[in-house]
Amino acid sequence: MPAEITWWGHATCTLRDSGVRLLTDPLFTRRLAHLRRRRGAPPPPDAWRAEVALVSHLHADHLHLPSLARLEPGTVLLAPRGAGRAVPALTRLARARSLDVREMEPGDRTRVADLTVRAVTARHDGRRLPVGPHRSPALGFVVEGEQRTYFAGDTGLFDTMAEEVGAVDLALLPVGGWGPFLGEGHLNAARAAEVLTTLVPGCAVPVHYGTFWPMGMDAVRPHEFHSPGDEFARLAARSAPGVEVRLLEHGESARLGGTR
């Protein structure tokens with residue numbers, strides 16, 4: 001049976017595969033520091049329930065402690081190696097909420113029910129910002145169940161991406177950000193479409209755009225908020241016509257892809 005994906009906004013998705021609910025980079029808030037949610041309601045309480053949650057890196061919009069505090073006791077939390085040392089509050093939270101934190105680095109695998117989750121490289125600054133040493137890698141994840149799903153987290157292009165990720169049915173790719181300019185270590189719509197030419201998944205869903213934006217900057221390069229998803233679909237149709245691209249609205253679910 002194909003997996004079901006729900007996009008809640010930013011990098012937060014629920015993946016249902018092999019009877020397991022998996023969350024990516026849970027972010028359940030309306031506001032984070034100077035960012036506010038401009039589109040889509042925060043995920044409802046039902047979205048907080050999952051057997052496993054992935055944290056791709058330590059930035060506060062991906063490792064968001066108040067959101068992780070809403071996970072049910074016993075949830076398996078997969079995080080980058082060194083996350084507990086770099087963010088001591090995560091260790092305290094895990095103890096208080098009885099979360100099963102498993103730290104990973106590229107190449108590691110872990111089994112959760114009927115899913116195998118494999119950590120892969122992400123080309124991104126993995127530090128806990130605004131300060132902090134380079135102690136934890138940024139990660140992507142490949143989830144292997146009835147089908148294979150690649151959650152890229154935050155990443156730039158790198159030469160070994162297709163080799164490390166391997167064959168996948170569904171790719172969740174970032175195509176934007178939360179501000180008018182993207183720094184190093186990010187995919188925009190054009191670079192994400194380029195990923196499809198080497199990865200060639202059965203289906204791709206763009207994420208990490210059109211949700212959060214800095215307060216008071218609505219009129220600054222607004223196309224970087226509104227257009228990345230449509231631009232990705234347009235460019236993908238030209239460069240990787242064999243890949244199905246699905247644009248999801250916030251809170252929308254779809255059954256996607258099939259088993260290779």
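Here are legends for a handful of close-up views of this predicted model.

**View 1. Arg-37, a buried arginine with no salt bridge.**
Arg-37 sits in strand 5, which covers residues 35–37. What is the nearest side chain of opposite charge, and how far away is it? That would be Asp-61, 11 Å away. Setting aside neighbours within four places in sequence, the residues in contact with Arg-37 include Trp-8, Leu-27, Pro-42, Pro-43, Phe-212 and His-250.

**View 2. Helix 5 against helix 7.**
Two packed helices are described by the angle between their axes and the distance between the axes. Here, helix 5 (residues 189–199) and helix 7 (residues 228–239) have axes that come within 8 Å and cross at roughly 35 degrees. Which hand does the crossing of helix 5 and helix 7 have, left or right? It is right-handed. On the helix 5 side, the residues that meet helix 7 are Ala-189, Ala-190, Ala-192, Ala-193, Leu-196 and Thr-197. Helix 7 brings Pro-228, Glu-231, Phe-232, Leu-235, Ala-236 and Ser-239 to the meeting.

**View 3. Positive phi at Ser-98 and at His-208.**
Ser-98 isn't a glycine, yet its phi is positive, at about 55 degrees. You'll find Ser-98 in the loop between helix 3 (88–97) and strand 8 (100–104). Its relative accessibility is 44%, so Ser-98 counts as partly exposed. His-208, also not a glycine, has a positive phi near 60 degrees. The loop holding His-208 runs between strand 14 (203–207) and strand 15 (212–214). Is His-208 buried or exposed? It counts as buried, because its relative accessibility is 1%.

**View 4. Val-87 in the loop between helix 2 and helix 3.**
Helix 2 spans 83–86, and Val-87 falls in the loop between that helix and helix 3. Val-87 has a relative accessible area of 5%, so it is buried. Leaving out neighbours within four places in sequence, Val-87 is in contact with Leu-58, Leu-63, Leu-65 and Arg-128. Look at Arg-127 too: Val-87 and Arg-127 are 40 residues apart in sequence, with their C-alpha atoms 9.9 Å apart in space.

**View 5. Ala-167 in the loop between helix 4 and strand 13.**
This loop links helix 4 (161–165) with strand 13 (170–174). Ala-167 counts as partly exposed because its relative accessibility is 40%.

**View 6. A few of the salt bridges, out of 13 in the whole structure.**
Glu-144 and Arg-109 meet through their side chains at 3.4 Å, N to O. Glu-144 belongs to strand 11 (residues 139–144) and Arg-109 to strand 9 (residues 109–112), so this pair ties together parts 35 residues apart in sequence. Arg-109 counts as exposed, at 53% relative accessibility. Another salt bridge joins Arg-49 and Asp-46 at 3.5 Å, N to O. Arg-49 is partly exposed at 34%, and Asp-46 is partly exposed at 44%. The side chains of Glu-224 and Arg-221 also meet in a salt bridge, at 2.9 Å, N to O. Glu-224 is partly exposed at 23% relative accessibility, while Arg-221 is partly exposed at 32%. Finally, salt bridges with shared partners join Glu-4, Arg-16 and Arg-255 into one network.

Key
Residues numbered from 1 in each chain as written. Predicted model: local features only at pLDDT ≥ 70, side-chain atom pairs only at ≥ 80, totals over all residues. Heavy atoms only, no water. Helix = DSSP H or I, 4+ residues; strand = E, 2+ residues; numbered from the N terminus. Buried < 20%, exposed > 50% of the residue type's maximum accessible area, 1.4 Å probe, protein only. Lys, Arg positive; Asp, Glu negative; His and termini not counted. Salt bridge = Lys/Arg side-chain N within 4 Å of Asp/Glu carboxyl O. Contact = heavy atoms within 4.5 Å. Axes fitted to C-alpha atoms, helices over the stretch in contact; angles between N-to-C directions. Left-handed = near helix turned anticlockwise from the far one by under 90°.
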